[in-house]
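Subject: Structure handover

Hello,

Here is the structure I promised you. Please open it beside this email and follow along.

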Amino acid sequence: LASVTELLILSFLLYRRSAGVLIGYSSWLLLPLATSYVILVAIPSGTVSSVLLVLVNIILFVLSIWISVALMIVTANFILGQQITSDHVAQTAKKHLWPAIIVIVLVTIIKLIGFLLLLIPGIIVSVWYAFAQAEVVLDGKRWLDALSASRDLSRGRFWSVLWRLLGGALLLVGLYLFVVSLLANALIFIGVHQIGVDLLTSTISVLYLPIIIIYSVGLYLDLKRTYASHPNHWS
């Protein structure tokens with residue numbers, strides 16, 4: 001398996017090489033985010049603003065999944081050296097949108113149940129089903145088959161997969177928090193309003209999202225590659 005360092009290098013190199021395409025997809029998230037800030041500023045607190053914010057958050061949820069699906073498709077093709085058109089990405093993302101939503105909601109429920117029972121069961125199911133969405137989007141599996149296939153990828157190498165998931169997440173999130181904290185404190189120091197600070201942090205998270213997607217897709221493809229090469233080793 002590729003190490004955490006190798007996956008991180010892949011993530012940043014691919015992001016640097018294809019930033020225009022990747023940001024082109026992730027930047028769509030700025031529309032509902034900006035809308036929510038406009039509602040907070042322009043509309044007095046009350047029923048109307050609350051309803052509008054709920055609607056915007058629903059749109060943001062669906063749009064964020066569509067964008068993550070699109071980014072996964074684009075990233076997988078970049079890593080595998082395959083050509084792809086924007087029309088194909090849009091059609092494929094549309095096809096897998098609702099199956100992806102179903103499997104994300106299902107995995108979230110399973111994880112919540114696991115963590116409500118105890119920490120260890122929560123961690124176990126988090127590793128087992130970490131790649132269910134990728135199985136739906138990149139391998140076209142139905143949600144039950146996706147759950148089973150995702151679990152198979154960590155069978156016999158649970159700790160290796162856990163370390164790559166945890167190590168990558170800690171480093172990527174740590175870098176993000178460091179940059180956001182640095183910039184937010186600088187803006188607060190020069191007197192920028194809190195909404196402006198929040199808008200900046202949201203923009204950074206949108207720009208940073210492709211790096212996280214690249215890491216997860218890179219790990220998924222490497223797990224698939226090694227699983228296919230040695231299927232009898234994972235018992």
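**The second largest pocket**

Ile73, Ala76, Asn77, Leu80, Gln82, Ile84, His88, Thr92, Val137, Leu138 and Leu221 line the second largest pocket. Keep in mind that this is a predicted model. The space in this pocket comes to about 150 Å³. H3, H4 and H6 each supply at least two residues of its lining. The largest share comes from H3, with four residues. By type, the lining has seven nonpolar residues, four polar and no charged.

**The largest pocket**

Now look at the largest pocket. Its volume is about 910 Å³. Helices H3 (47-80), H4 (86-117), H5 (119-128), H6, H8 (158-189) and H9 each give two or more residues to its lining. In total, 31 residues line the largest pocket. Lys111, Ala130, Leu165, Ile212 and Ser216 are the ones nearest its centre. Which helix gives the most to this lining? It is H9, with eight residues. The lining divides into 24 nonpolar residues, six polar and one charged.

**Helix H6 and Gln133**

H6 covers residues 132-139, and Gln133 sits in it. This helix is mostly covered, with six of its eight residues buried. Those buried residues are Ala132, Gln133, Ala134, Glu135, Val136 and Val137.

Take a closer look at Gln133. Is it buried or exposed? Its relative accessible area is 18%, and buried means under 20%, so Gln133 counts as buried. What does Gln133 touch, leaving aside neighbours within four places in sequence? It is in contact with Ser68, Val69, Met72, Ala100, Val103 and Ile104.

**Helix H9 and Thr203**

Thr203 belongs to H9, which runs over residues 194-229. Its relative accessible area is 24%.

Where does the side chain of Thr203 reach? It comes to 2.8 Å from the backbone oxygen of Leu199. An α-helix has 3.6 residues a turn, so residues three or four places apart point the same way. Thr203 and His193 are ten residues apart along the chain, and their C-alpha atoms are separated by 16 Å.

Best wishes

Note on methods
Residues numbered from 1 in each chain as written. Predicted model: local features only at pLDDT ≥ 70, side-chain atom pairs only at ≥ 80, totals over all residues. Heavy atoms only, no water. Buried < 20%, exposed > 50% of the residue type's maximum accessible area, 1.4 Å probe, protein only. Polar contact = N/O pair within 3.5 Å; in protein donor to acceptor, adjacent residues only side chain to side chain. Contact = heavy atoms within 4.5 Å. 1 Å grid on protein atoms, 1.4 Å probe; cavity = no way out; pocket = protein on both sides within 12 Å on 5 of 7 lines; lining within 4 Å. Points joined across faces, edges and corners; volume = space filled by probe spheres on them. Nonpolar A, V, L, I, M, F, W, Y, C, P; charged D, E, K, R; others polar.
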